[in-house]
Every structure is written in structure tokens, then in C-alpha cells.
Amino acid sequence: MNSWFPYAVIAALLYGLHQIFTKLAADKIGDGLGGFVVEATAALSILLYLLWLRLTGHWNQNSSPAGVWYSVLTGVCVGAGTIAFFLLFQKGGPLSAVPMVLAGGAALMAIAGISFFKEPAAWPRLLGIALSVAGVLLLHTTAGK
């Protein structure tokens with residue numbers, strides 16, 4: 001098993017719970033305020049992690065201007081994406097639509113990996129991209145039904 005795989009499972013579980021809680025919150029808080037609460041709580045969680053690293057002598061954090069810039073762009077995408085998910089749920093979107101929405105993002109990431117990061121274009125990866133796009137198309141054709 002790859003050393004990164006357990007982290008992938010943990011991330012998948014946490015992001016799955018993230019969407020469930022967003023669905024539960026969506027009709028009880030505005031999209032902007034809800035997004036802010038989500039992101040502020042996430043920032044606090046990360047701050048606590050950094051404090052733990054510092055206080056336990058496990059500090060291993062470095063940075064560069066490019067790393068900070070890409071992290072800022074990531075934050076913009078996460079913030080806007082969180083608002084988009086609140087709006088999706090507030091407009092009546094089903095929780096079951098989220099995997100197909102995320103599959104579209106997965107296809108984008110896989111294409112970027114192949115195109116820009118020179119990752120291998122193996123047939124399972126290409127099939128995954130095709131299935132992700134098919135999922136997004138199925139979501140679109142079944143919307144409102």
C-alpha cells in the first residue's frame with residue numbers, strides 16, 4: 001500500500017462528512033455566512049494543528065512565495081466552492097448530486113495531472129476521466145427529476 005493512501009481515505013471521509021454537514025446547514029444559514037463559518041472553523045483547525053506541531057517540537061513547515069501564492073489561489077477556490085455548495089443545497093440540490101459534482105473536479109484534476117504534471121495517461125486514469133464526465137452529464141440530464 002502506498003504511504004499516502006491512508007491519508008486519501010481520511011480525506012475522503014472528512015470531505016464526505018463536510019458535504020453532509022453543509023447540506024444540513026444550508027437551509028439554516030445564508031450561503032455567505034455559512035461559507036465564512038466553514039472556512040473560519042477550518043482555519044482555526046489548521047491553526048491548532050500548527051500550534052501542536054510547534055509545541056511538540058515536530059515543526060516541519062516551510063514556505064516560498066510561490067507556495068504562498070498557490071495556497072492563496074487554493075483558498076479562493078475553496079471559499080467560492082463552499083459558497084457554491086451552499087447555494088446548490090439552498091436551491092434544492094440533492095446530497096446525492098455531490099459525488100457527480102466532485103467527479104467533474106476529479107476529471108479536471110486528472111487531465112491537469114496528465115497535461116501539466118506529466119503523470120502517466122494509463123487506461124484506468126483515462127477511463128476514470130470518461131466516467132467522471134459521464135457522471136456530470138447524467139447529473140445534468142436528471143436535474144429536477
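Predicted model: local features only at pLDDT ≥ 70, side-chain atom pairs only at ≥ 80, totals over all residues.
User: How do you know that the span of helix α1 agrees with its number of residues?

Analyst: Helix α1 runs over residues 5-26, and at 1.5 Å a residue its 22 residues should span 32 Å. The C-alpha atoms at its ends are 31 Å apart, which agrees with that expectation.

User: Which residues of α1 are buried, and what puts them on the same side of the helix?

Analyst: The buried residues are Gln-19, Thr-22 and Ala-26. Around the axis they cover an arc of only 65 degrees, and therefore they lie on the same side of α1. Leu-13, Leu-14 and Phe-21, on the other side of α1, are exposed.

User: Against which elements do the buried residues of α1 pack?

Analyst: They pack against α3, which covers residues 65-90, and against α4, which covers residues 98-115.

User: Why is Thr-82 called buried?

Analyst: Thr-82, which is found in helix α3, has a relative accessibility of 4%. Buried means under 20% relative accessible area, so Thr-82 at 4% counts as buried. Once its neighbours within four places in sequence are left aside, Thr-82 is in contact with Gly-35, Val-38 and Glu-39.

User: What lines the largest pocket, and which residues lie nearest its centre?

Analyst: The lining is made of 22 residues, and those nearest the centre of the pocket are Tyr-15, His-18, Glu-39, Val-78 and Thr-82. Two or more lining residues come from each of α1, α2 (31-55) and α3. The space in this largest pocket is about 960 Å³.

User: How many residues of that lining are nonpolar, polar and charged?

Analyst: The lining of the largest pocket divides into 14 nonpolar residues, seven polar residues and one charged residue. Glu counts as charged, and Glu-39 is among the residues nearest the centre of the pocket.

User: Why is Glu-119 called partly exposed?

Analyst: Glu-119 has a relative accessible area of 36%. Buried means under 20% and exposed means over 50%, with partly exposed in between, so Glu-119 at 36% is partly exposed.

User: Where is Glu-119 found, and which residues does Glu-119 touch?

Analyst: Glu-119 is found in the loop between α4 and α5, the latter covering residues 123-142. Not counting residues up to four places away in sequence, Glu-119 touches Gly-113, Ile-114 and Arg-125. Glu-119 and Leu-17 are 102 residues apart along the chain, and their C-alpha atoms are separated by 29 Å.

Methods: Residues numbered from 1 in each chain as written. Heavy atoms only, no water. Helix = DSSP H or I, 4+ residues; strand = E, 2+ residues; numbered from the N terminus. Expected span 1.5 Å × (residues − 1). Buried < 20%, exposed > 50% of the residue type's maximum accessible area, 1.4 Å probe, protein only. Arc of directions from axis to C-beta. Contact = heavy atoms within 4.5 Å. 1 Å grid on protein atoms, 1.4 Å probe; cavity = no way out; pocket = protein on both sides within 12 Å on 5 of 7 lines; lining within 4 Å. Points joined across faces, edges and corners; volume = space filled by probe spheres on them.
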